[in-house]
Every structure is written in C-alpha cells, then in structure tokens.
Amino acid sequence: MTVSMRQTALLLASGLLFTAGAARAAETPAPAPTPPAPATPAPVMPAAPSSDPTQVRPGAYVLDSAHGKITWSVSHLGFSTYYGQITDVTAQAVLDPKEPAKSTLTVTIGTDSVNGLDDRLNQHLKAPDFFDTAKFPKATFTATSIEPTSPATARVNGDLTLKGVTRPVAFDATFNQAGTNPVNQAYTVGFDGRAVIKRSDFGINAFLPLLGDEVSLRLEGEFKAVE
C-alpha cells in the first residue's frame, strides 16, 4: 500500500470513530441538574421584654435565688446608716395579670445568711441578741392580700414570722418587666420592693435606742415561670 493510500485509510478510520462517538453522545441523556439546597429558615427571635404588666404570662413562678436578695439598713448610733444583705431567699408565686388581687406569694428566708460585711458583726447578728439563727434558722412571709396602687405597682400585705413571732407586714412592689431572659431563655418577671419594719415587734431589742428600731428593706426578685 502506498503512502497516499495509508493516509486516506487513516483519515477514513478517524472520521468513522468521530461519527460513532458523536452518535453515542447524542444517545446518552444529559445528567439531571442538581436541585438547589433547601433554604435554612431564619431563627425565631424571642419578643423583647415588656414593661406592660397586663402582658405578663399567668401561672406559677419560682424565685431565681441568684437574683433574689434582701438589702437591709438601720441607723447606727445616729452617725451613719449601716447596710447589709440576706442572700438565702426562696419564693413561690402565682401571678394573675388580669386580676392581680388573686395572685399569691410565699417567701422563705434563711436567717443564717445575714451579712453585715464584717465577720465579727455577722457572728453577733446570728447570736441570740439578734436573729438567734441556731434556734430560728428560717423566717417566712406569706401574702394575705395584694392591692394594686397603679398600673405597675401594688401593696403586698402579709404575715412575717421572724424569731418565732408573727406580725402583719406590708411592702410596696414595683413591676419592672417580663419576657424571655436572654441568658438562660427562661420566661422571667422582675420586681423591686420596699418595706420598713420595727425589729422590736419581733423581739429583737438589743441596743435600743442606740441602734435604730426601724429597719428598711430593699427587695429584689426575678421570678422564673414554672414550665
């Protein structure tokens, strides 16, 4: 076979292979397009806390003890006002925003947690002169009535038992806000409170009248909804 004939044969063979490949490509269906990935739904953000007490979720609540404390103050010899805290406080509440008078509140106070920010004073406060915590480790408050005084405030009347003595006591409560706590995602209601009691009413008479008889109480509480 001459060189010319071999070249012609090679060209024919190449053409046949190209034609066969094109035919097979035409017979093979194109791959189906990949469907798009489903869109990720946007996260649902909790509603901002509300300062409207009528929007409070009704139901049972417990005090967040890490954010529920009593700060007390008393006149010290007339020279200054002395401050301290009681940190062991537990409480249960049932809140009814439509009829606040139907709400309930019970509080238990661990008297051994009284703190005057001085070790010697703390030991004296726990002694029989004052709280006598070995004999009376708990104080309690039970609300007997709740009287709204404005859209966001109320007078809470109740019975305080301290050092074995029960007396009627009232405090003024102010509603702060309610909503989802951004830290722990718990539905939370926050209040402030103010009260003044006479320690002599409960048999705590040590150093009267040098130390003040009237004790001012500042109450702070964040209540979590019971799910």
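Predicted model: local features only at pLDDT ≥ 70, side-chain atom pairs only at ≥ 80, totals over all residues.
Me: Why is L77 called partly exposed?

Reply: L77 has a relative accessible area of 41%. Buried means under 20%, exposed means over 50%, and partly exposed is in between (found with a 1.4 Å probe on protein chains only). The value of 41% lies in between, so L77 is partly exposed. Residues are numbered from 1 along each chain as its sequence is written, and side-chain values use heavy atoms, with hydrogens and water left out.

Me: What makes the phi of L77 worth a remark?

Reply: Most residues other than glycine have a negative phi, and most peptide bonds are trans. L77 is not a glycine, yet its phi is positive, at about 60 degrees. You will find L77 in the loop between β1 and β2 (80-86). Q185, in the loop between β8 and β9, is not a glycine either and has a positive phi of about 65 degrees.

Me: How do you know that the peptide bond between L208 and P209 is cis?

Reply: Its omega is about 0 degrees, and the bond is cis. P209 is in the loop between β9 and β10.

Me: What makes the group around L105 and F141 a nonpolar core?

Reply: A nonpolar core is a set of buried Ala, Val, Leu, Ile, Met, Phe, Trp, Tyr and Cys residues joined through side-chain atoms within 4.5 Å. The largest such set here has 44 residues, and L105 and F141 have the most contacts inside it. Among the elements that each supply at least two residues of this core are β4 (104-110), β6 (138-150) and β7 (153-162). In soluble globular proteins, nonpolar side chains tend to be buried together. Over the whole protein, 31% of the 227 residues count as buried.

Me: How do you know that F141 touches L105?

Reply: Contact means heavy atoms within 4.5 Å. By that rule, and not counting residues up to four places away in sequence, F141 touches L105 and also, among others, V107, V156, V169 and F171.

Me: Why is the pair of F175 and F191 called edge-to-face?

Reply: Rings of Phe, Tyr and Trp (its six-membered ring) pair if their centres lie within 6.5 Å; planes under 30 degrees apart are stacked, those over 60 are edge-to-face and the rest are tilted. There are six aromatic pairs by this rule. The centres of F175 and F191 are 6.0 Å apart and their planes are at 65 degrees, so this pair is edge-to-face. F175 lies in strand β8 and F191 in strand β9, so the pair ties together parts that are 16 residues apart in sequence. Together with F223, these two form one aromatic cluster.

Me: How do you know that the charged end of R57 sits over the ring of Y187?

Reply: The rule asks for NZ of Lys or CZ of Arg within 6 Å of the ring centre and within 35 degrees of the ring normal. The charged end of R57 is 4.0 Å from the centre of the Y187 ring and counts as sitting over it.

Me: Why does T111 count as buried?

Reply: Its relative accessible area is 3%, so T111 is buried. T111 lies in the loop between β4 and β5 (114-115). Its contacts beyond four places in sequence include F131, F136 and L162.

Me: And what about L95, buried or exposed?

Reply: L95, in strand β3, has 14% relative accessibility and therefore counts as buried. Leaving aside neighbours within four places in sequence, L95 is in contact with residues including V56, Y61, V189 and F191. L95 and V56 are 39 residues apart in sequence and 8.1 Å apart in space, C-alpha to C-alpha.

Terms used: Helix = DSSP H or I, 4+ residues; strand = E, 2+ residues; numbered from the N terminus.
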